[in-house]
Amino acid sequence: MIFHYFEITPKIVRPIIPIILKSQTKLMLYSALIDSGADYSIFSLDIADALGIKLQLKDKVKFIGVGRENIDGFWSKIEIIIGDITYETHAIFAEISEFGHGILGQKGFFDHFDVELSYKKQLIEIKSEIS
């Protein structure tokens, strides 16, 4: 699958791709930043709420964000659809709504795909053996 970098401003582009997040009863189109520096895939608490995902206190986790601050989140299973590929994974749901997009990290994304980012060509190539 080939995607183009997303233009934030005329001088800023990022590897943000469209994905679909699916719960047992609902699905939602969402954007996600491909972030090889993120240990986990992280999505907004608002998304969990919109999808009807019941987050459990027993699944609460603390992690350190980009600004080195502690962030509370909750592990949950989620189905992710990218292009014609659907897979189930665990992701963290946390208060990241100010970003306007989710984060596809090492666990939950890179562990399912081979990814090539070409800033020069403004292209993202995602390869998978998942069918």
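1. Where is the place of Ser23? Ser23 sits in the loop between β4 and β5. (Helices, H or I with at least four residues, and strands, E with at least two, are DSSP runs numbered from the N terminus.) Before we go on, a word on the model: it is predicted, so local features need pLDDT of at least 70 and side-chain atom pairs count only at pLDDT 80 or more, while totals for chains, interfaces and linings use all residues. Residues are numbered from 1 along each chain as its sequence is written, and side-chain values use heavy atoms, with hydrogens and water left out.

2. Let us stay with Ser23. Is Ser23 buried or exposed? Ser23 is buried, with a relative accessible area of 11%. (Buried means under 20% relative accessible area, exposed over 50%, and partly exposed in between, with a 1.4 Å probe and protein chains only.) Not counting residues up to four places away in sequence, Ser23 touches Leu51, Ile53 and Ile78; contact here means heavy atoms within 4.5 Å. The side chain of Ser23 also reaches the backbone oxygen of Leu51 at 2.8 Å.

3. Now for the core. The largest nonpolar core has 27 residues, and Ile19, Phe43 and Ile82 have the most contacts inside it. (A nonpolar core is a set of buried Ala, Val, Leu, Ile, Met, Phe, Trp, Tyr and Cys residues joined through side-chain atoms within 4.5 Å.) Two or more residues of this core come from each of β4 (16–22), β5 (27–34), α1 (45–50), β8 (70–82), β9 (85–94) and β12 (123–127). The element that gives the most is β9, with four residues. There is also a second, separate core of nine residues, which includes Ala38, Val61, Ile92 and Ile103.

4. Five bridges join β7 to β8, and the two run antiparallel. (Two strands pair if DSSP finds at least two bridges between them.) Opposite Lys62 stands Asp72 in β8.

5. How many residues lie between β2 and β3 in their hairpin? The hairpin of β2 and β3 has two residues between the strands. Strand β2 (residues 6–9) and strand β3 (residues 12–14) pair in the antiparallel sense over three bridges. Thr9 has Ile12 in β3 as its bridge partner.

6. Next comes a sheet. As background, strands of a sheet pair through backbone hydrogen bonds, either parallel or antiparallel. Here three strands form an open sheet in the order β1-β12-β11, with antiparallel pairing. Its edge strands are β1 (2–4) and β11, each pairing on one side only. On average, neighbouring strands of this sheet are turned by 20° against each other, direction ignored. (Axes are lines fitted to C-alpha atoms, for helices over the stretch in contact, and angles run from 0 to 180 degrees between N-to-C directions.)

7. Let us zoom in on β11 and β12. These strands run antiparallel and are joined by five bridges. Ser118 stands opposite Leu123 in β12, and Glu116 has Glu125 in β12 as its bridge partner. The hairpin of β11 and β12 has four residues between the strands, and there Gln122 takes a positive phi near 60°. Gln122 is a residue other than glycine, and it is partly exposed, with a relative accessible area of 24%.

8. Lys127 lies in strand β12 and is partly exposed, with a relative accessible area of 40%. Not counting residues up to four places away in sequence, Lys127 touches Phe113, Asp114 and Glu116. A polar contact of 3.4 Å joins the side chains of Lys127 and Glu116. (A polar contact is a pair of N or O atoms within 3.5 Å; within protein, one must be able to donate a hydrogen and the other to accept it, and residues adjacent in sequence count only if both atoms are side-chain atoms.)

9. Last, the rings. The structure holds seven aromatic pairs. (Rings of Phe, Tyr and Trp, the last by its six-membered ring, pair if their centres lie within 6.5 Å; planes under 30 degrees apart count as stacked, over 60 as edge-to-face and the rest as tilted.) One of them is formed by Phe109 and Phe110, edge-to-face at 5.2 Å centre to centre and with 85° between the planes. Phe109 counts as buried, at 0% relative accessibility. Ring pairs link Tyr87, Phe109, Phe110 and Phe113 into a cluster.
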